[in-house]
Amino acid sequence: MKETNEYLTQFMQILRKIENLDLFAATAKFSKTEFRILREIVTENERGNQIISSELARRIGVTRSAVSQIVNKMEKEGVIKRAFSPDNKKIAYVQLSERTLGVYEEQCKQANEYISKIISAYGKEKWESFLSECRELSEVYENLKRETIERSGQSKNK
């Protein structure tokens, strides 16, 4: 059991370090959470869709209240705007302001340059292997999670 606990501890430490990586090296206009919100808005725009705050919260894994606070702040700063649905005034889509797309693209460029430096220092082959292993680990986790949920549902039905 001690070995398993050590693996868990090491795994959680690595995840924390990865989560805390700052790809923008203190030159960013947006926080990581703000950037993730912008990325989701841009992604939906590229698909020809719009997005609402509750969906943003679900996708980035924070509460609707937290997203609402961030969206309000970003709206006051002129970074984003809300556009109400013509069919339902209770639905407000979150959109980029006109000036924000250029700033967002510049921050993406900075992040890509930083990742390129990491890949260059780490090695492209090792990087691709790392990503492959991460994808495989994620699939194992999702499969085990699904099996656990299915088993717990079956035991409740008995």
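These legends describe close-up views of a predicted model.

**View 1. Helix H2 spans residues 32–46.** H2 has 15 residues. From its first C-alpha to its last, H2 reaches 21 Å. That is close to the 21 Å expected at 1.5 Å a residue. After H2 comes Gly48. The phi of Gly48 is positive, near 85°.

**View 2. The buried residues of H2 pack against several elements.** The buried residues are Glu34, Phe35, Ile37, Leu38, Glu40, Ile41, Val42 and Glu44. Their packing partners include three helices: H3 (53–60), H4 (64–76) and H5 (100–122). Strands are partners too: S1 (51–52), S2 (80–84) and S3 (92–96).

**View 3. Glu44 is a buried residue of H2.** Glu44 has a relative accessible area of 5%. Buried means under 20%, so Glu44 counts as buried. Which residues does Glu44 touch, not counting residues up to four places away in sequence? They are Asn49, Gln50, Ile51 and Arg59.

**View 4. The largest nonpolar core has 19 residues.** Leu38, Ile41, Leu56 and Ile80 touch the most other members. H2, H3, H4 and S3 each supply at least two residues of this core. H2 gives the most, with five residues. In soluble globular proteins, nonpolar side chains tend to be buried together.

**View 5. A nonpolar patch lies on the surface.** Ile14, Ile18, Leu21, Tyr122, Phe130 and Leu131 form this patch. Together they have about 500 Å² of accessible area. Which elements give two or more residues to the nonpolar patch? They are helix H1 (2–19) and helix H6 (124–157).

**View 6. Ile14 and Tyr122 are two members of the nonpolar patch.** Ile14 lies in helix H1, whereas Tyr122 is found in helix H5. Leaving aside neighbours within four places in sequence, Tyr122 is in contact with Trp127 and Phe130. Phe130 belongs to the nonpolar patch as well.

Notes. Residues numbered from 1 in each chain as written. Predicted model: local features only at pLDDT ≥ 70, side-chain atom pairs only at ≥ 80, totals over all residues. Heavy atoms only, no water. Patch = residues over 30% accessible without salt bridge, like charges linked within 9 Å, V, L, I, M, F, W, Y side chains within 5 Å. Areas by Shrake-Rupley, 256 points an atom, 1.4 Å probe, with all protein chains shown as cover. Salt bridge = Lys/Arg side-chain N within 4 Å of Asp/Glu carboxyl O. Helix = DSSP H or I, 4+ residues; strand = E, 2+ residues; numbered from the N terminus. Buried < 20%, exposed > 50% of the residue type's maximum accessible area, 1.4 Å probe, protein only. Contact = heavy atoms within 4.5 Å. Expected span 1.5 Å × (residues − 1). Core = buried A, V, L, I, M, F, W, Y, C linked by side-chain atoms within 4.5 Å.
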